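Hi,

Here's the structure I promised to pass on. Have a look at it first, and then read my notes below.

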Amino acid sequence: MLNLEGRVALVTGGSRGIGKSIVETLAKAGAKVAFVYRSSKESADAMVSELSETGLEVLAIQGDVSSKEDAERIVEEVVNKWERLDILVNNAGIINDGLLAIMEKDAWQSVIDTNLTGVYNFAQSVMRQMMSQRYGRIVNISSVAAEFGNQGQVNYAASKGGIQGLTRCLATEVGRRNVTVNAVAPGFIETDMTEAVRNAAEGEIKKRISVRRLGLPEDIANAVLFLASDEASYITGHVLTVDGGLTLGG
Ligand code: NDP
């Protein structure tokens, strides 16, 4: 049983979908967990009261991951409250699909700013704390879209491929301080993000997945839990695909 007693975690985009499941999973494993939401205050508040009622320590903080100021403020708040920060999960992400030929600059920039610059903002903001405590686990949520050629996703694929490169480079920079940096690349997971595609083609998608089901947020949260644990101390710079065999081709 993986145990995170005594650890402090920060999860971005924790109010819904995969991030929500990561928050619940890390908290149930014993970590104190702060999470960032952008606009879903109601859902964030409900999560905090529900998890607190069961004795778990969870904190919701509003902020925009694309803002460096917000990242620094949030990290400072977590460290002031719990005096350390052991685990960072960069999960917040958006899509804004469209063919490159007609993609507005804003659709490109907003996806890069949230998905990729957001990782830079938070990874840099936790660096001093993790290096000085000589312990850290950074887990970045990428996507199989980094490797697939999906029509209409040049912005998203670029951001998720960027995360994989960042993960490998940063791992070489901080390993000597006992900080590991890994990524998880989910396949097709049932969340708000994939609702439209699911409604249009769920049956077809399942046929391309070896285990013949869509992924659940818990499938990703369990992989994150492992990479965030002490037991994963010899794994760094790795991208773990969690896709039920989608990238195997069916
Ligand atoms: P959802 O759309 O369900 O949830 C997105 C979360 O990110 C929400 O909590 C949202 O906050 C938060 N968020 C978005 N933008 C910002 C921002 N600028 N600042 C702070 N928080 C923000 O997405 P998923 O759960 O599906 O996706 C989670 C991650 O997994 C993403 O990085 C996504 O790219 C990746 N992924 C998902 C896959 C899937 O099939 N679902 C497949 C591969 C990767 P709020 O609720 O306040 O809006």
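Before the first finding you'll need one term: a nonpolar core is a set of buried Ala, Val, Leu, Ile, Met, Phe, Trp, Tyr and Cys residues joined through C-beta atoms within 7 Å. Also keep in mind that this is a predicted model.

So, on to the core. The largest nonpolar core here has 59 residues, and the ones with the most contacts inside it are A9, V23, L26, V33, V184, V224 and A228. Helix α7 (residues 217-228) gives the largest share of this core, seven residues. Leaving out its neighbours within four places in sequence, L26 is in contact with L4, A9, A31, V33, I87, L225 and A228.

Next, the annotations. UniProt has an unreviewed entry that labels residues 7-220 as "domain: Ketoreductase".

Two of the listed residues are worth a look. G14 sits in the loop between β1 (8-12) and α1 (17-28). Is G14 buried or exposed? It takes 20 or more other C-beta atoms within 10 Å to call a residue buried, and G14 counts as buried because it has 32 such neighbours. Not counting residues up to four places away in sequence, G14 touches G19, K20, I22, V23, F35, V36 and Y37. A158, on the other hand, is part of helix α5 (residues 154-174). With 17 other C-beta atoms within 10 Å, A158 is partly exposed.

Last, the ligand. There are 30 residues around the ligand, and G13, G17, S40, G93 and T191 come nearest. Both α1 and β2 (32-37) supply at least two residues of this shell, with α1 giving the largest share, three residues. What kinds of residues make up the shell around the ligand? They divide into eleven nonpolar, 15 polar and four charged.

That's what I have for now.

Cheers

Terms used
Residues numbered from 1 in each chain as written. Predicted model: local features only at pLDDT ≥ 70, side-chain atom pairs only at ≥ 80, totals over all residues. Buried ≥ 20, exposed ≤ 12 C-beta atoms within 10 Å, placed from the backbone. Helix = DSSP H or I, 4+ residues; strand = E, 2+ residues; numbered from the N terminus. Contact = placed C-beta atoms within 7 Å. UniProt positions renumbered as here; feature names shortened; annotations may be inferred. Near = placed C-beta within 6 Å. Nonpolar A, V, L, I, M, F, W, Y, C, P; charged D, E, K, R; others polar.
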